[in-house]
Amino acid sequence: MSDEVLVEESGNVAIITINRPKARNAINGAVARGIAEAMDALDARAEVSAYVLTGAGGTFSAGMDLKGFLSGDFPVVEGRGFGGLTEAPPRKPLVAAVEGYALAGGFELALSCDVIVASSEAVFGLPEPRRGLVAGAGGIMRLPRRIPYHVAMEIALTGDHYPASRLYELGLVNRITEPGTALEGALELARRIAANAPLALAATKKIIIESQDWPLEEMFARQGEIIDPVFGSKDAMEGAAAFAEKRAPQWKGE
């Protein structure tokens, strides 16, 4: 793993940190490749059940490294998209821990996460039009699916910055923490998620994401294709046994 992306494991939760604090964690090619490599490696690890994505030095990410963009360094990984994440998020739950700025591509990375925990001082925005660009890493597609249409339009068209408190009101941010404690709050939530059965978590995430586009008459059939293997898994038997025996389950991801 490169110095631009750090990976630390805390029990069954992995912390992925964008490590370019002097550049406000702007996303360059090295960061994109580092995130993609981390996701590939961690998705293959049965003992890791959830991830937290954060930034070093008190900010999440100010977006694409524009200096790198001018020199031809595009922060896109084939098959995974911008930042090595936006087009192919991991199958396991991913929590964003946002301090400071989550702007442009930084906001789009946060939108690629399943849950967002933000400091009360965090700010979000899609200022691409101010630079003659378009939020093409999923921001203008995901945002109107998460918040009211006209508010999404305002955010995308003005390029203004919006405080975490406003996005919490809209339901986009799950939790607000004291300044400097977003990572702590995200880890607490990620650990609660990771305490559940890995196969059930992956299936639940997949259904929530994919079912938005399923025809009504096919929804339960398609859901069945995903959940039937879970109901027949060793973990399902372990969950029932643990409940009956009044003990904590020991998940194997099998």
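Predicted model: local features only at pLDDT ≥ 70, side-chain atom pairs only at ≥ 80, totals over all residues.
Which residues in α8 meet which residues in α9?

**View 1. The contact between helix α8 and helix α9.** In α8, which spans residues 198–210, the residues Leu199, Ala200, Ala203, Lys206, Ile207 and Glu210 meet Gln223, Ile226, Ile227 and Val230 of α9. Sorted by class, this contact of α8 with α9 has seven nonpolar residues, one polar residue and two charged residues. The axis of α8 comes within 9 Å of the axis of α9 (residues 219–231), and the two cross at roughly 175°. Because angles over 145 degrees count as roughly antiparallel, α8 and α9 are therefore described as roughly antiparallel to each other.

**View 2. Glycine 139 in helix α4.** Glycine 139 lies in helix α4, which covers residues 139–146, and it counts as buried because its relative accessibility is 0%. Leaving aside neighbours within four places in sequence, glycine 139 is in contact with Glu108, Leu111, Leu126 and Pro144. With leucine 111, glycine 139 has a C-alpha to C-alpha separation of 6.9 Å, although the two are 28 residues apart in sequence.

**View 3. Arginine 142 in helix α4.** Arginine 142, which also lies in helix α4, is buried and yet has no salt bridge, the nearest side chain of opposite charge being that of glutamate 108, 7.2 Å away. When residues up to four places away in sequence are not counted, arginine 142 touches Thr86, Pro89, Leu111, Ser112 and Ala137.

Key. Residues numbered from 1 in each chain as written. Heavy atoms only, no water. Helix = DSSP H or I, 4+ residues; strand = E, 2+ residues; numbered from the N terminus. Buried < 20%, exposed > 50% of the residue type's maximum accessible area, 1.4 Å probe, protein only. Contact = heavy atoms within 4.5 Å. Lys, Arg positive; Asp, Glu negative; His and termini not counted. Salt bridge = Lys/Arg side-chain N within 4 Å of Asp/Glu carboxyl O. Axes fitted to C-alpha atoms, helices over the stretch in contact; angles between N-to-C directions. Parallel < 35°, antiparallel > 145°, perpendicular 65-115°, else oblique. Nonpolar A, V, L, I, M, F, W, Y, C, P; charged D, E, K, R; others polar.
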